[in-house]
Amino acid sequence: MPQTKFFRTLYAIIFLLLIVLLGSKVSFVFRPIVVFVQTLFFPFLISGVLFYLFRPIVRFMLRFKIPKGISILIIYLVILGLFVLLGFSIGPLLGNQFEALINNFPSMLDAAKVQFNALNHNPWVNKYVDWNVIADSVVNYIKTSYTTIGSNLAGFFGIVTNIILVFVTVPFILYYMLKEGDKAAPYVLRLLPVREREHGVSILHDLDHALSSYIKGQVLVAITIGLIVFIGYLIIGMPYALLLAIFAMFTNVIPYIGPLIGLAPAVIVASIHSPSMIIKVLVVAVIAQQVEGNFVTPNVMGKNLNIHPLTIILLLLVAGSLAGFLGMLLAIPTYAVLKVVVSHVYQLIRLRSQEKKVLSAEE
């Protein structure tokens, strides 16, 4: 009996590998499907995030007998007004900082190289590290990448086209998600057998709760970190404070690794001015992370996902190697979804096995 089970498993693996091999031989057949998924991926991803952020507002308005369509339009008008307000208030400042950063980027790299070379005079550093080689390699790589990105007009227009596509399609997708989203669960449940629908309801509820908690929590935490970092940079007189704070806010949505990514540009900019500015930037980063770790995250997110920190780090490393920044961004919510599905399926299998044991014992 164990041998039969082993050979069945082996046959299944071989059959699966044959399917993968045949699929690779006729990849041109699946190419349109891949392009279709790639085109719609980001609009649906952004719409899904906004859906979980705005759904509580729509449900709140329903208590006052405001129809969903009117509620969604009100939300759109409020968001448009906020964008206009932010555009007039911080738009010029952000634009000036971005333009200054782009114009000063080559000179900043040269200044950073000088700072690194100055460390070479330190006997302790010089004993173990050749900063000349490291500085030349890093600066040349960044300059080459910077020039390549600037000259690659085809890639630039492709990115612009994708951004326009997202801005055009997301409002329509989000509108129907908010208006018809409650009908999705009953439709999915109708596809299941009647006796499995109770477990289906539980799975969908837990999936919705996990995604909703993670998305809302990460957004609130990121905004809080952005505000703390911006205020801290203003206090210490950091150049490009708004631009660097916004960058830190967006990268903070990646657990553990995101704050380090967001800190890197600030350290580079600070290193050009003085070593004391680097220390001030590190102090601001430590204060922001302490506030986030001890006050914001426990109260906003709690332990809803119940994922061990080591598991998160391993997931981020693997996802980053496989899919870069996007992989790190989606690794944790994807793992949370799979964890919910696998745990429910495992419980269902256990219940089935227990039922079979009871029936066999009765017979």
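## Nonpolar surface patch

Phe6, Phe7, Leu10, Tyr11, Ile14, Leu18 and Leu21 make a nonpolar surface patch of about 690 Å². Patch members have over 30% relative accessible area and no salt bridge, with nonpolar side chains (Val, Leu, Ile, Met, Phe, Trp, Tyr) joined within 5 Å. Areas come from the Shrake-Rupley method with a 1.4 Å probe. Leu10 sits in helix 1 (residues 2–25); helices are DSSP runs of H or I, at least four residues. Leu10 is partly exposed, at 34% relative accessibility (buried is under 20%, exposed over 50%, partly exposed in between).

## Basis of the values

This is a predicted model, in which local features need pLDDT of at least 70 and side-chain atom pairs pLDDT 80 or more, while totals for chains, interfaces and linings use all residues. Residues are numbered from 1 along each chain, and side-chain values use heavy atoms, without hydrogens and water.

## Salt bridge

The count is one salt bridge (a side-chain nitrogen of Lys or Arg within 4 Å of a carboxyl oxygen of Asp or Glu). Arg55 and Asp208 form it, at 2.9 Å from N to O. Arg55 is in helix 2 (residues 27–62) and Asp208 in helix 9 (residues 197–236), so the bridge ties together parts 153 residues apart in sequence. Arg55 is buried at 11% relative accessibility, whereas Asp208 is partly exposed at 24%.

## Nonpolar cores

The largest nonpolar core has 21 residues, of which Tyr233, Ile236, Met238 and Val281 touch the most other members. A core joins buried Ala, Val, Leu, Ile, Met, Phe, Trp, Tyr and Cys residues through side-chain atoms within 4.5 Å. Helix 9, helix 10 (241–251), helix 11 (257–273) and helix 12 (275–300) each supply at least two residues of this core. Another core, of ten residues, lies apart from it and includes Phe51, Tyr52, Ile75 and Ile215.

Terms used: Buried < 20%, exposed > 50% of the residue type's maximum accessible area, 1.4 Å probe, protein only. Patch = residues over 30% accessible without salt bridge, like charges linked within 9 Å, V, L, I, M, F, W, Y side chains within 5 Å.
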